[in-house]
Amino acid sequence: MKKLLLAASAAALLAGTWLAPAQAEYLKEHRGGTIRLLARSAAGTLDPHINYTDQGWQMYQPIYDGLVAFRKAEGMDGFTIVPDLAEALPQVSNDGKTFTFKLRKGIKFSSGQDLGVKDVVASFQRIFKVSGPTSGTFYAGIVGADKCLADTKSCTLEGGVVTDEAAGTITINITKPDAELLYKLALPHAVVLPADTPAEDMGSKPIPSTGAYMISAFDPNKGMTVSRNPNFKQWSEEAQPDGYPDVVQYDFGLSEEAAVTAIQNGEADWMFDALPSDRLGELGSKSMDQLHISPLSAWWYAPLNNRLAPFDNEKARQAVAYAIDRNTLVKLFGGKVLASPVCQVLPPDFPGHEDYCPFTKDPGAKWSAPDLDKAKQLVEDSGTKGQKVTIIVEDTAISRSIGVYLQTVLTSIGYVADVKPISSNIQFTYIQNTNNKVQMSVTQWYKDYPAASDFLNILFSCASFREGSDASINIAGFCDKEIDAKMQKALDLGVTDQAAADKLWAEVDRQVTDKAPAVGLFTPKRLDFVSKRLGNFKFNRQFNWMITQSWVQ
Amino acid sequence: MSNVAVAAPRKTRGPWAVAFAKLARDRAAMASLAVFLLIVLACLSAPLYAKWAGVDPFASTLDAVIQIDGADVPVMEQSTEGLGLGYTPLGPTWRLGNYFLGADSQGRDVMARMLYGGLSSLLISGAATIFTLILGTAAGLIAGYFGGITDTVLSRFLDVLWAFPIYLLAISLSIVTIAHGITIGPIEIESGSLWLPVIIIGIVYVPYVARPIRGQVLSLRNSEFVLAAINLGVPGPRILWRDILPNVTTTLIVFVPLMMALNMLTESALSFLSIGVQPPAASWGTIIQDGQALLYTRPLVALVPGLAIAVSVMALNVFGDGLRDALDPRSKVRLGRD
């Protein structure tokens, strides 16, 4: 018994650096082959410091590494931070304002260059030099970031990212304690690239990587080929595990309908885009074993412009929240298997989430039914009856359907409503800009990392609202000084006591929900349709399906 | 006394009567006109049909239940097999007034929407045709008659408009105006108004009408009766109105069905791309767009409006060809007594 325990302990210790026995065995049996993926289009630029899409972030996981990473594990374990290029999690000092990492030795880029501390510091500078989309938010707390944001070209992050080449350490200094810094460092925007990577958007040109795979070919109109990195030796199974397929072939251009048929015929293994709604019934009955339904930390919601009539009136906003039948919306999204009704901001199973629903027939923890009488009364009380409301939605089948349904609801409670579907390419920025005077819209928010602030602080803090800007993510224009102060308090508390901070976030969630700056519609689930030959499907809550952890032979 | 008998002058019919007679004898043109009029009548009955059927073709009715042979049937049926994914709208019942063509993804009666959609499509294409003809004729008359700098400026402007790919221009104008509408001085057109697609389609086709009209006016400008009127000191606008316009009328008449067919196609394309008629209003283009997501389970939702567009456009084109032949004095259509 003792021997067994010792062996188990040894295996556990080795897990960080060597293959776990099970994986080693599976690798022998299933290693090789080409996994074929499909998407309607490419995810934009290949540059991991710039790309800000689910599609891109998912594909980067077996390719790039940061100092830390989200654990490559199934389910909620995927939210755990583990050391990646760093030997261990950082030593935190200076009252939570200094993080010291020791870089692993012997890691090479796919180009053959050795990874060194100079690459790390250059990569942090590059986040600002290429004006990365989160440089002004996630990484603005690094000492020297203000100068880098003001003058991107000459960014040095002096005093912010300090290296000791001899000791192989990197020290990151931040201006004030940040409980979420490690999450931010584990995102693709903070991966380490070779120091000589040009400080410009690399577009379609692959950048050498440290992960198990590398991008070997890319044509945004045709596809991407990802092959094994010849210089990769697994250093941590939980941060960057070796993969099963030799090649990942990602082809672009097929419609969703054609992609489903290709998978059914065994010509492809998976598709990125959502399954067409008219195929759901057939696939759900005939191809059950090829479908995987996984929870997402996401929120479909309808921001109501708190600075424009009629939704500058709290009662008018609450009326809409009472009137919307979430079950109907769930039905439009494909049914209860694919979505669940929601009233509040934080998604289920998310830090800080405590069930809460004030805008329902029987207010309490869960949504039960719309309360149209209450909604009509609130519209009367608000004095906004008969006002005109335009709903701006994305020009996709599902968003259009939701828009048309919301138009019917608003009409039924006394507004004169119409819907405007606009191109998906511009809708998200269009609804953010106050110059466009958008009263109501339909949009979605998918978490960047598992923290309540990623929903509440980002979507509803005063700082997230920017007049006349396309990047005003507080679409509702909500700003409540008291709630703002509480969010700040929760952020600060998270540095020392995350559990207490999450309690406070739950309180903020309730307060924001009560003010109804936006109406929660439903929480979606991810439906993955895979080929018959694909095995070992594993879904990570942070970056979705772990592509190279599945096998095709 | 002369034995020579003088023949009584033969009574001839006017050019319009000859044209009508020619048209009436063109079976294909008349059949097309009949088909088109039938479609127009059906579409005009849209409000009556919706009232009779007791449906609101613009409101989501996802929870509606209808009766078929005494049995309750939900308009949106949830899949019950396997994982129970997705909802399928009711298929065609083939019973008038009771979801004859089935339901769309919002649970709305497709037949009622088809009729309303046709009404929108016809209204927009008809109004845009009038708009195009008025603007195009005015531009063609002025440019052709006054010549000089007026002609140069107008012609270059039309050239610029002509140089843009039509759909690209229409899409650009739609995107700019779709969210906020148009405000020109005291005239304000709201973003959801049907007048927006009318104006956009009307504008993009102006060169199609203006250029041939200008060509005709240039030739008429040098004809003897116009020169005589000028020398007699008749004012230009009066010459345009009384002498030149009547001579281009036949061309304009031929343009009506042809432009209407073209406008109907353009309207459908813009609505399909979400930049024409705005939801929940219907046009045949928006119904095709709605049906696109149901092609696999309910293909009729997209096929029926597609067919309606094809039949209407074909009818208008065949009728337009017949009209052109009838109004053309050089036409080879034989008339029995003439």
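Author: Let's start with contact: two residues are in contact if their C-beta atoms, placed from the backbone, lie within 7 Å. This is a predicted model, where local features need pLDDT of at least 70, side-chain atom pairs count only at pLDDT 80 or more, and totals for chains, interfaces and linings use all residues. Residues are numbered from 1 along each chain as its sequence is written, while chains are lettered from A and ligands numbered from 1 in the order in which they are written.

Reader: Okay, which residues does Val519(A) touch?

Author: Leaving out residues up to four places away in sequence, Val519(A) touches Tyr301(A), Ala302(A), Leu304(A), Val320(A), Ala321(A) and Ile324(A).

Reader: How many residues of chain B are in contact with chain A?

Author: On the chain B side there are 29, and they meet 33 residues of chain A. Strands E3 (76-78) and E4 (87-89) of chain B are the elements giving two or more residues to that side; strands (E, at least two residues) and helices (H or I, at least four) are DSSP runs, numbered from the N terminus.

Reader: How many bridges join E15 and E16(A)?

Author: Seven, linking E15 (residues 388-394) of chain A to E16(A). Glu394(A) sits opposite Ile422(A) in E16(A).

Note on methods: Pairing = 2+ DSSP bridges.
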